[in-house]
Amino acid sequence: MIHNPEMECMSREDMTKLQTERLIKTVKTCYEKVPFYRKKMDKMGVKPEDIKSIEDIHRLPFTTKHDLRDEYPFGLQAVLHSEVRRIHASSGTTGKPVVDTYTENDLEMWAEGAARVMAAGDVGPGDTVQVSYGYGLFTGGLGAHDAAAMRGAVQLPTSAGNSEKQIMLMKDFGSTVLACTPSYALHLAECIDKSDKVNIEDMKLRVGFFGAEPWTEGMRKELEEKLHIKAIDIYGLTEMCGPGVGGECECQNGTHLWEDLFYPEIINPDTLEPCAPGEFGELVFTSLKKEAMPILRYRTRDLTRLIYEPCKCGRTAVRMDRILGRSDDMLIIRGVNVFPSTIEAILTEFPVYSPQYFITVDRKDNEDMFDLDVELREEYFSPNPSKQMPYIKPLYDRIVSVIGIKPNIHILPPNTIQRSMGKAKHVNDKRKF
Ligand code: ADP
Ligand code: ZN
């Protein structure tokens, strides 16, 4: 089901016109209301009048996470505080959190972005959407909540955590939709598996919206099989609004980005030049409709590519490929670039392993050590190490062939790797650079 056919299925020509109109307005606001942007544009010798079409976007300055931290908390705000209705902030594991503020219209726009994704999973009246993303400053909880409201569904704000109760409510209230991080969905699925009180057959779940962290096709298969659902990818980031900047459609062949709201570009992160169409690079967004904190050419650090071929679903909005990872999550081990999600992709090729893993990187005698904790599934695990040997070799060989470095694999008993309620932490990098 398409939530807003006018915007989601607009012809390329009309979309370019709309983007141009909205970009011109956004740039004018940024220049007039946000000293940070005025200074940057003056320094580059660009005036709002120079931006005549969406193609001129390349003349505008970039915005980085660093800039957002420097302008903490409200330096990028373009409206009076009396027009602001809500404030969110991203986790900000290092330094100050990144803040986003929203006017009434911004909240509506955000809800619509996420509602478009939920519509692709046919969410509507009669559905009960269990929102197991954390509620709070994190955008996941309230983002999914407002989208469910816009779709006319029942909102069940369980937030993350307290998994036994979540599962009881899921069954007793007949939740049909689950929204949470894929890692928390996996944890809930494992809890249902282990439970002697509930069975997945007792649940009415039919669809899940998973995002806020990278996940793989293998994880999709695992979640769909374990939870008896269709698993849909939803993408977003606090700097644009939160979840719902884009999402998968019925065809599940990429994530449609809502181009009428956020203009996407792919750039080479080293040269900052645009990539050729279809090439992988860093995703950059310019907000086209945000009022409280408009943002020009924000460097997401997410690595992906854009697909402009039309999609069979009828939506014309550009699609992006699965995100390889964030450039700052990428590990360099013995000179080789490793995205943690590659390990998840490999593990899910092996039915004997659960998709849970933890990577520890350290340096001994000037050499990088790459330790990988994995779990065999209950039915394959044995405390006797010699019985595990036949399972280690194929995994070891596959990792060496895909990423080219030799891991020290440690098989742990089932359910011992730390589970996550929100975004999973998969890496401990102990090296001092
Ligand atoms: P933080 O930066 O603190 O993690 P956010 O919640 O704003 O705060 O995180 C946004 C980031 O999460 C995105 O830039 C992207 O890296 C990741 N992300 C969000 N949704 C997805 C998704 N569906 N697939 C892969 N990565 C995602
Ligand atoms: Zn589509």
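In the predicted model, the zinc ion (ligand 2) is held by four protein donors: Cys249 (SG), His256 (NE2), Cys311 (SG) and Cys313 (SG), at 2.1 to 2.3 Å. Donors are N, O and S atoms within 2.8 Å of the metal (3.2 Å for Na, K and Ca), and water is not among the atoms, so sites may look incomplete. The angles among the 4 donor atoms of the zinc ion (ligand 2) run from 105 to 113 degrees, and the site is tetrahedral; four donors receive that label if all angles lie between 85 and 135 degrees. Along the chain the donors of the zinc ion (ligand 2) are spaced as C-x6-H-x54-C-x1-C. Because histidine 256 belongs to strand S9 (residues 255-257) and cysteine 311 to the loop between strand S13 (306-307) and strand S14 (319-320), the pair ties together parts that are 55 residues apart in sequence. Helices (H or I, at least four residues) and strands (E, at least two) are DSSP runs, numbered from the N terminus. Both histidine 256 and cysteine 311 are buried. Buried means under 20% relative accessible area, exposed over 50%, and partly exposed in between (1.4 Å probe, protein chains only).

Residues are numbered from 1 along each chain as its sequence is written, and chains are lettered from A and ligands numbered from 1 in the order in which they are written. Local features need pLDDT of at least 70, and side-chain atom pairs count only at pLDDT 80 or more, whereas totals for chains, interfaces and linings use all residues; side-chain values use heavy atoms, with hydrogens and water left out.

Around ligand 1 there are 19 residues, of which Ser91, Asp233, Thr238, Asp302 and Arg326 come nearest; a residue is near a molecule if one of its heavy atoms lies within 4 Å of it. An oxygen atom of ligand 1 is 2.5 Å from a polar side-chain atom of threonine 238. For aspartate 302, the distance from a side-chain N or O atom to an oxygen atom of ligand 1 is 2.6 Å, and for arginine 326 the corresponding value is 2.7 Å. Of the 570 Å² of accessible area that ligand 1 has on its own, the protein covers 93% (Shrake-Rupley method, 1.4 Å probe). Strand S7 (residues 230-237) gives the most to the shell, with 5 residues.

Elsewhere, glutamine 388 lies in helix H11 (residues 385-403) and is buried, at 9% relative accessible area. A polar side-chain atom of glutamine 388 is 2.8 Å from the backbone oxygen of serine 382. Lysine 221, in helix H9 (residues 217-227), is exposed at 54% relative accessibility.

Backbone geometry was also examined. The peptide bond from tyrosine 72 to proline 73 is cis, with omega near -5 degrees, and proline 73 is in the loop between helix H4 (65-70) and strand S1 (84-89). Serine 159, although not a glycine, has a positive phi of about 60 degrees; serine 159 counts as buried at 19% relative accessibility. Arginine 297 is likewise not a glycine and has a positive phi of about 45 degrees. Arginine 297 lies in the loop between strand S11 (281-287) and strand S12 (298-304) and is buried at 2% relative accessibility.

Conventions. A polar contact is a pair of N or O atoms within 3.5 Å; within protein, one must be able to donate a hydrogen and the other to accept it, and residues adjacent in sequence count only if both atoms are side-chain atoms. Four donors count as tetrahedral if all angles lie between 85 and 135 degrees; four count as square planar and six as octahedral if opposite donors are over 155 degrees apart and all others between 65 and 115; anything else is irregular.
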